[in-house]
Amino acid sequence: MADDAIAVSRFEQRLLTILGGTLISLAEAVGKVVILTRQTLYWLKSAERRDVFEQIVAMGVDSVPVTTLTSLFTGMVLALQTGFSFRKVFNEPIYVGTVVGLSLVKELGPVLTAVVVAGRVGAAIAAELGTMKVTEQIDALYTLGTNPVKYLAVPRFIACIISIPLLTVMAIFTGIIGGLIIAVYRLSIPMTVYVNEIKEIGWKECAHGVTKSVFFAAIIVIVSCYKGFTCEGGAEGVGKATTSAVVISMVMVLVFDYFLSAILVSFGIG
Amino acid sequence: MISFENVFKAFGSNHVLRGCTLDVQDGETLTVIGGSGTGKSVTLKLMLGLLKPDSGKIVVDGQDISAMNEDELSQVQKNFSYVFQGGALFDSMTVGENVAFGLRQLGQHPPGDIDGIVKEKLAVVGLQGIEALKPSELSGGMRKRVAIARSIAMSPKYLFYDEPTTGLDPIMSDVINNLIVDLHQKLKQTGVVITHDMRSAYKISSRIAMLYQGQIVQIDTPDNIKNSTNPIVQQFVTGSAQGPIQMQIKAYG
């Protein structure tokens, strides 16, 4: 009986240790992310234009091909599936333009772009900053009178906030073109019908998509910078930081997508 | 002057410094010796404000840096320069950009003068004409010398060296030792060096401090350290496996 009591209490103790430990490290991580965000916003005005421009080229311009290709085929498959499904239900492919347009503007454009950029840019940020951390280059910045957040995180933050919404707009446009190609040449929908349906999409829907993409950009860059700055343990550590930066960014983008959509809709945007 | 007053620092259950007290006098080169993992690098990072002590005071020129916020600390850090063990050169930049980096960030020199200062500092460490090379194209010794050039370009009051001769061949080690001695004589800076290379320690130091189990066990001139009667210091400087310092050797498998 006494043994049982000890066994249970030991089990409880271990459980509490594990749960407590996880909770403490989670709270610490959230706290550090908040501090990093605050510092990034504090230094925002002091960013060098040349650094921001370099980052826009590396993050935005170089992401154009992959984003274009992804969104083009997404628009195409969306038109194809909508057309065939509606043909089964209504005997003709109606509302293809509306479905393709609204899906891309409100959801697929911002989310797909964010996921693609999280994979490409988030990984690059975490790997670069992580390597700088493990080779003491971040400490070297401090000793040379430079704040690493100001020098490394701020230009990346501004570049992401500018380039990801622009990439999103471009992705939406490309997706709509992809849908148009399939609608006209595969589903035999008149071009004017498709274009008129697209034209009916209002500014509120566009604002909905672009606003979300700004938040997604902030999530990707802050998570990736945080993972890079807190990276430890050599090459293995850099690998782990990079993987978790991409995974956490993607998951957070998808989770925040719901909450942001709900909030924006409740304010009548979209 | 830098003073450590009863400094404690732990990482989880690993208590690295346990009441460390130490003074660095202006104008001297103080070398901190001790075995691997005894907290030499931690001591240096605490002096620089890169780490905060758990308790105790770290006083630099009369100011307690352990209680400072980031802005105040960055003002004090302008007096410091640090030569990292691996050099910590920025690998995305050329050698010239690395040496110029701190100067450009401080903004105290007109941009037109910076190239001249970079050339001059690289000449001081014996590396002329390599401004356009990338750090990946340099040997270990050259990287250390570029790192020293980058540090002295800032004209700091205090210059810190983290194991400056580790990983170098004996001749290159001596080149670095001579460079440290020369710089000290020319620039009259206060130097703090951490190393476990005793040849280097004897050559470059005004005083040597031995760190063991988180405390300074002896601090004295190189000659007195060489002839120390303290069994811990004696064992370390002679490099004997027999003595009070028992290295932990873990068997895996």
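**View 1. Buried residues of helix H3 of chain A in the predicted model.** The buried residues of H3(A) are A:Thr67, A:Ser71, A:Thr74, A:Gly75, A:Met76, A:Leu78, A:Ala79, A:Thr82 and A:Gly83. A residue counts as buried if 20 or more other C-beta atoms lie within 10 Å of its own, as exposed if 12 or fewer do, and as partly exposed in between, with C-beta atoms placed from the backbone. Helices (H or I, at least four residues) and strands (E, at least two) are DSSP runs numbered from the N terminus. The buried residues of H3(A) pack against H4 and helix H6 (148–185) of chain A. The 27 residues of H3(A) should span 39 Å at 1.5 Å a residue, and its end C-alpha atoms, 37 Å apart, agree with this; the expected span is 1.5 Å times one less than the number of residues. This is a predicted model, in which local features need pLDDT of at least 70, side-chain atom pairs count only at pLDDT 80 or more, and totals for chains, interfaces and linings use all residues. Residues are numbered from 1 along each chain as its sequence is written, while chains are lettered from A and ligands numbered from 1 in the order in which they are written.

**View 2. Residues with positive phi.** Just after H3(A), A:Asn91 adopts a positive phi of about 70°. A:Tyr95, in the loop between helix H3 (64–90) and helix H4 (96–134) of chain A, has a positive phi of about 55° although it is not a glycine. A:Tyr95 is partly exposed, with 16 other C-beta atoms within 10 Å. In chain B, the loop between strand S4 (55–60) and strand S5 (63–64) holds B:Asp61, a residue other than glycine whose phi is positive, near 50°. B:Asp61 is partly exposed, having 13 C-beta neighbours inside 10 Å.

**View 3. Surroundings of B:Phe160.** Not counting residues up to four places away in sequence, B:Phe160 touches B:Leu44, B:Met47, B:Leu48, B:Phe80, B:Tyr82, B:Val83 and B:Val192. Two residues are in contact if their C-beta atoms, placed from the backbone, lie within 7 Å. B:Phe160, A:Cys160 and A:Ile220 have the most contacts inside the largest nonpolar core, which has 128 residues. Such a core is a set of buried Ala, Val, Leu, Ile, Met, Phe, Trp, Tyr and Cys residues joined through C-beta atoms within 7 Å.

**View 4. Contact between chains A and B.** In this view, 10 residues of chain A are in contact with 17 residues of chain B.
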